[in-house]
Amino acid sequence: MSSDRAMALVVPVLSVLLSFVVGGIIVVVSGHDPLAAYVALLHGAFGNVFNLANTLTVAVPLMLAGLGVAFTFRAGLFNIGAEGQYWVGSIASAWVGYAVHGLPVYVHLPLALLAGVLAGALWAALIPGVLKAWTGAHEVITTMMMSYIAINLARYLIEGGPMMAPGYTPQSPAVLPTATLPALIPGTQLSWGLVLAVLTAAVVWYVLYRTTFGFEVRAAGLNGRAARYAGMHVARIIVLAMFVSGALAGLAGAVQTLGVNHRLFDAFNAGYGYTAIVVALLGKNNPWGVLAAAVLFGALNAGASAMQMQAGVPAHLVDVVQGMIIFFVAVDGIIRSVLRWTRKEAAQA
């Protein structure tokens, strides 16, 4: 294994371990047992089949949205609007799921998923992608603004708008059984979306590392000017990269809507699109790394309540651990420097 590859693997692991160490210190200061807290956390996340299913249920949308964010990172773009693309994907899939009648499941379900994919893709590519490619408008601003629009659009639609179901609760009608993703483990919320997410990661890896388009995406991300000088159409690459990224985030919303929530409602927002940014960074923009990072964040969320009930440690400690992961990922340059210095000292000894 090359030095760079080893560093790419070791740094995220060290970031996570350091965050747990700091979290443990905070637990001790607050008068609790850190070992008991982390044992409870692990049990709540992986202790039995149902806990594992809960962990993976949370991880699935993070996997898909994280793959989308990682794809644009590879292209040198900073798509922080995955949250909005996730929302429009949810809106489109929910509408197709409950409003289109008379279709068999093998047509209706793919159609609902496709609606979410296209909605997210167009939301990311048509305005942020095109503006970035031909005017230079910074994608951080445009994707963030598009996120706000998407979130408020969804709230309008289900809070007295055309998608609100009869009654007083702000929610859409439930999707039909023919558009529902079946459960992977009966009795849990884990759907076949997990299989879809793993297959999607394989496709993203293949596109990035085994196709001409993937090579162009990575080349444009490393040096846009050099890619342009080499004859690559960088503007087209930017728009297509945003299209793919939005499609993956839209798929995340569709899978969550059709496989877990079965409708669109006001409390639907779990911040998956924002957490996906950290997942992509922790996974080093590698599809398989993104899957592993998503499972970690799923475990933290699923195990938080168990930690509170079994060890008496506030579940908000998980927020601290997540914050420390973000911090150590952000300062991974320091960790790399320390590792290089340690290696150099060992070689001179």
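A residue counts as buried under 20% relative accessible area, as exposed over 50%, and as partly exposed in between (1.4 Å probe, protein chains only). This is a predicted model, in which local features need pLDDT of at least 70 and side-chain atom pairs count only at pLDDT 80 or more, while totals for chains, interfaces and linings use all residues. Residues are numbered from 1 along each chain as its sequence is written, and side-chain values use heavy atoms, with hydrogens and water left out.

**Colour by confidence**

Start with pLDDT, the predictor's confidence in each residue, from 0 to 100. The chain has a mean of 88, and 91% of its residues reach 70 or more. Select helix α14 (residues 332-348), where confidence is lowest, at a mean of 67. Then select α7, where it is highest, at 96. Helices here are DSSP runs (H or I, at least four residues; strands are E, at least two), numbered from the N terminus.

**Salt bridges**

A salt bridge puts a side-chain nitrogen of Lys or Arg within 4 Å of a carboxyl oxygen of Asp or Glu. The structure holds two. Select Glu216 and Arg236, whose side chains meet at 3.6 Å, N to O. Glu216 is buried, at 15% relative accessible area, whereas Arg236 is partly exposed at 36%.

Next, select Lys132 and Glu139, which form a salt bridge with their closest N and O atoms 3.2 Å apart. Glu139 is buried at 3%; Lys132 is partly exposed at 22%.

Rings of Phe, Tyr and Trp (its six-membered ring) pair if their centres lie within 6.5 Å; planes under 30 degrees apart are stacked, over 60 edge-to-face, and the rest tilted. The whole structure has five such pairs. Show Trp205 and Tyr209: their ring centres are 6.0 Å apart and their planes at 40°, so the pair is tilted. The two residues are four apart in helix α7, which means about one helical turn separates them. Trp205 is partly exposed at 27% relative accessibility, and Tyr209 is partly exposed at 22%.

**The second largest pocket**

On a 1 Å grid over the protein atoms alone, a pocket is an open set of points with protein on both sides within 12 Å along at least five of seven lines, while a cavity is a set where a 1.4 Å probe fits but cannot get out; lining residues have an atom within 4 Å of a point. Grid points are joined across faces, edges and corners, and volume is the space filled by probe spheres set on them.

The second largest pocket holds about 230 Å³. Select Thr200, Val203, Val204, Val244 and Leu248, the closest to its centre of the 13 lining residues. Helices α7 (193-210) and α10 (234-261) are the elements giving two or more residues to this lining, and α7 has the largest share, six. Twelve of the lining residues are nonpolar, one is polar and none is charged. Nonpolar covers Ala, Val, Leu, Ile, Met, Phe, Trp, Tyr, Cys and Pro; charged covers Asp, Glu, Lys and Arg; the others, Gly among them, are polar.

**The cavity**

Select its lining: Thr57, Val60, Gln189, Leu190, Ser191, Gly193, Leu194, Val255, Gln256 and Val260. At least two residues each come from α3 (49-74), α7 and α10, with α10 giving the most, three.
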